[in-house]
Structures are given as C-alpha cells and as structure tokens.
Amino acid sequence: MLRACMLLPLCRTPLAVVQLRTFCKMSTPRAPSFIGFHLALIQLGQISADKANNLCHARDMILKAASGDNGKHPKPDLVVLPECFNSPYGHVHFPNYAETIDFVPGQAYDVSSSRSESVKMLSNVAKESGTWLIGGSIPERDSSDPNKLYNTTTVYSPQGDMVAMHRKVHLFDINIPGKITFMESKTLTGGSSLNYFDTEFARIGLGICYDIRFPEMAIIAARKGAHVMIYPGAFNLTTGPMHWELLQRARALDNQIFVSTCSPARDMTAGYHAWGHSSVVDPMGKVIASTEEEEDIVHAFIDPEIYAEARAGIPVTRQRRFDVYCDVSAT
C-alpha cells in the first residue's frame, strides 16, 4: 500500500503534464457514430529495391482490394497498406527512400504540389477507388531538417484528400542475443504525437508496428473515442511468433475496441523477413480474420454490435478507479 501511495504523485509531475499536453490536451471533438464497415488489409509482396515498381504494385493491389478481390467480397470502406510498402525494410534503406511530405495537421494539403511521389500515388488511387486509405508507412524526410527521418503513415479520404498523418512514436530498437538485433534509431527519429481520423462510420486510431507494444497509445485512443486501432507493422520471425497475435488481442481486450495489423508478405530473399499474418481482432479478443505469410488481402466486417455487447456485458469502461490510479488520457 505504501508503494502505491508513493507512486501516485509521479502521475502529477510537471514533466507528465507537459507530455500529456503534447498529445492529449487539445480538445477532442465527439467521435462519429460507430456504423458497421468493411475493412481490407493488403499484405503486400514483391517489395524490391525499385521504388517505382513498388508504388505500381501497391496501386494495383489497392484497386484489387477495393474491388472486393474482383467481387469475391463486399467493397471495403477502408483499405490498409503495410509498413514500409515503398522500400525495403531496414535502417540502411530509409535515407535512400525517404520523401518530404510537408503535411500540417488542420491545414488543407495540396497533393498536386507535394514533393512525395508516394503521397501522389496514394491520393490518386484513393480517389479512383472511392475508398478511405491508410497508406501503410514510408520513410519521411523532415523539410526543416533534412537529416531527420521518420517512419510515417498517411491517410486519404475517398475524394483523395490527405486528412491525417502519424509518425511512428516508438522506434524499433531491440537486441535478442543470437536471434535479432535491429536499431531504427540509427536513422529514424520518433514522432511526438498521437493521431486518429474520423470517417462517416468510425473513429480510427493510428499506430505503427512497435507502437503496439505500448498500451498507453491504445488506451488514450480508446478513451478519446476511437472504435478501432490500426497498426501497419512488420514483426519478424523472432518477435512475430512470440507476440504479434498476443499484442493485438491484449490491446483489443483491454480497451474493448477492434485492433488490426497489416504486415508485408514474407520474402526470404530480402534482408528483413516479415512475419506476415495480417489480422483483425474484435473487442472480445477474438481473431476474426487473418492470413499466413504470403501476399494476400484480408477482408473483415467491423461490427459495432460486438463492440456494444462487449462493453455492456463486461463494463470495464465504467468501472475504472481513477481515484486509485491515474487516467493516462486525462485532459
């Protein structure tokens, strides 16, 4: 009990307050009503050193997904690409494939004058397909500091407007002896904001890959009205079997929201071997759609009735004790 009392003031230190203001203090508008929608995850293969080919193949797969895989499935309302879809995955590659985006939240973005060829392609294909589109992620170069790179996802409306952007907050720096060492921080800088976007059917929270290991992001998003968290990601053959599904189910169950991940397909000739297994998990922690390691499109219906039933039957969202512990989403 003594330890709990000693820990409580840490939540109220000036540093914690400053950090919360960075991504929580802004007024959050009321979330849209949650309406059932169709989701498509593109587990993209054939990602090579040729960026032009990568963009062309991604475009073809977006159109295929938007067609419901040529009519086999309902037309999706939202299509998702994987992490680093325009380049090989690796810190040595990021500087060579980085593009300048210059997006400012809350300001209209002129895609036609964008310096990013990936942004232009994504905007055009979102408009052509008439779907919402989460453009996986690409290496982004900061226009104010060319030496600063981010791992960045961009979001497009069915009209082709770029409406949101998320820079990967937590960099993938790990060292599991004898298995894998990877240091994104050798070339990348972590983002400094939490981001979401609103559609006519739901509020969607954004994260990228390693971000899923940090529950605070999903907690804040859920308490700010997000119905779904989507993480373009690329776990590997070490961390994938251990934690990929477990983390998705944990984030979904803890927050009683839908959680989805979109991975590249596995390529054993590449320098980095992705786990694959792009998935959708419902608010009860059940995997409702998934695939294996090859290129594929995962289709799922995101059902608000499951969301409502989970929260009504096990009402943890109304039973939290913020008089005992801190609310990390507090404004």
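Apart from its neighbours within four places in sequence, H227 is in contact with A31, P32, F34, A202, R203, I257, F258 and Y307.

Helix 7 covers residues 215-223, and the buried residues in it are M217, A218, I219, I220, A221 and A222. Just after this helix, G225 adopts a positive phi of about 105 degrees.

## Strand 11 and its two faces

Strand 11 is mostly covered, since five of its five residues are buried. In a regular strand the side chains alternate between the two faces of the sheet. Here V228, I230 and P232 point one way, whereas M229 and Y231 point the other way, and all of these residues are buried.

On one side, strand 11 is joined by three bridges to strand 10 (residues 203-206), and the two run parallel. Within this pairing, G205 has M229 of strand 11 as its bridge partner, while L206 stands opposite I230. Strand 11 is also joined by five bridges to strand 12 (residues 258-262), again in a parallel arrangement, and here the bridge partner of Y231 is T261 in strand 12.

## The sheet and its crossovers

These strands belong to an open sheet of six strands, arranged in the order 9-10-11-12-13-14, in which the pairing is mixed. Its edges are formed by strand 9 (195-198) and strand 14 (287-290), each of which pairs on one side only. From one strand to the next, the twist averages 20 degrees.

Strand 11 takes part in two β-α-β units: a right-handed one is made by strand 10, helix 7 and strand 11, and another right-handed one by strand 11, helix 8 (residues 239-255) and strand 12.

In soluble globular proteins, nonpolar side chains tend to be buried together. The largest nonpolar core in this model comprises 42 residues, and those with the most contacts inside it are F37, L39, L78, I134, F197 and I204. Strand 11 (residues 228-232) supplies the largest share of this core, namely four residues. A second, separate core has 27 residues, including I101, F103, Y156 and M165.

F197 gives a view of how the largest core is connected, as it is among the residues with the most contacts there. Leaving aside neighbours within four places in sequence, F197 is in contact with L78, W132, I134, V155, A164, A202, R203, I204 and L206. Two of these partners, A202 and R203, are also contacts of H227.

## Confidence of the prediction

The mean pLDDT of the protein is 92, and 92% of its residues reach 70 or more.

Where pLDDT is low, the predicted coordinates should not be read in detail.

Technical notes: Residues are numbered from 1 along each chain as its sequence is written. This is a predicted model: local features need pLDDT of at least 70, side-chain atom pairs count only at pLDDT 80 or more; totals for chains, interfaces and linings use all residues. Side-chain values use heavy atoms; hydrogens and water are left out. A nonpolar core is a set of buried Ala, Val, Leu, Ile, Met, Phe, Trp, Tyr and Cys residues joined through side-chain atoms within 4.5 Å. Buried means under 20% relative accessible area, exposed over 50%, partly exposed in between (1.4 Å probe, protein chains only). Contact means heavy atoms within 4.5 Å. Two strands pair if DSSP finds at least two bridges between them. Axes are lines fitted to C-alpha atoms, for helices over the stretch in contact, and angles run from 0 to 180 degrees between N-to-C directions. pLDDT is the predictor's confidence in each residue, from 0 to 100. A crossover is right-handed if, with the strands pointing away from the viewer, the path from the first strand over the helix to the second runs clockwise.
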